[in-house]
Amino acid sequence: MSMDEYVISSQVLKLVSSHLICPEMGGILGVDDSNTVVAFCFDKNGVTEETAYFPDVKYLNQIIQDWYNKGIYFVGFAHSHPKTSINLSEPDLYYANKIKNLCGLSEILMLLYIPQTGCFYQYAV
């Protein structure tokens, strides 16, 4: 499935913008059988530093399993950056590729959100 075939629901966009209020925060995205991104889980335990976000892998893996049991499938991440950085960083790309390979995905959706401007940027890695 190509990333351009996914639609991100307005509810998910609202959840992302209401939770990722500072740069370097994140969470995971889930898609249903209609190719619509219908789920977002804020990484409430993730570690946020000035220039980095470190997810709580154990917590997020449990959410992915719970979603799977409900017919929702992990498709990628939402992540916030400062307004001066609208592109994925090298660490973002490294971890996206690592997770994509571990999960056996052909692509992973990276939804970048800039809290200071309210803008979203969608990338396929």
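Buried means under 20% relative accessible area, exposed over 50%, and partly exposed in between, using a 1.4 Å probe and protein chains only. What you're looking at is a predicted model, where local features need pLDDT of at least 70, side-chain atom pairs count only at pLDDT 80 or more, and totals for chains, interfaces and linings use all residues. Residues are numbered from 1 along each chain as its sequence is written, and side-chain values use heavy atoms, with hydrogens and water left out.

**View 1. The largest nonpolar core has 17 residues.** A nonpolar core is a set of buried Ala, Val, Leu, Ile, Met, Phe, Trp, Tyr and Cys residues joined through side-chain atoms within 4.5 Å. Look for I28, W67, F77, I108, M110 and V125, the residues with the most contacts inside this core. Two or more residues each come from β3 (36–42), α2 (57–69), β6 (73–80) and β7 (109–114); helices (H or I, at least four residues) and strands (E, at least two) are DSSP runs, numbered from the N terminus. A second, separate core has 15 residues, including I8, L20, V75 and Y113.

**View 2. Here are the contacts of V125.** Contact means heavy atoms within 4.5 Å. Skip the neighbours within four places in sequence, and V125 touches L88, L93, A96, N97, K100, S106, E107, I108 and M110.

**View 3. E24 has a positive phi of about 65°, yet it isn't a glycine.** You'll find E24 in the loop between α1 (10–19) and β2 (26–31). Its relative accessibility is 7%, so E24 counts as buried.

**View 4. N35, also not a glycine, has a positive phi near 70°.** N35 sits in the loop between β2 and β3. With a relative accessible area of 22%, N35 is partly exposed.
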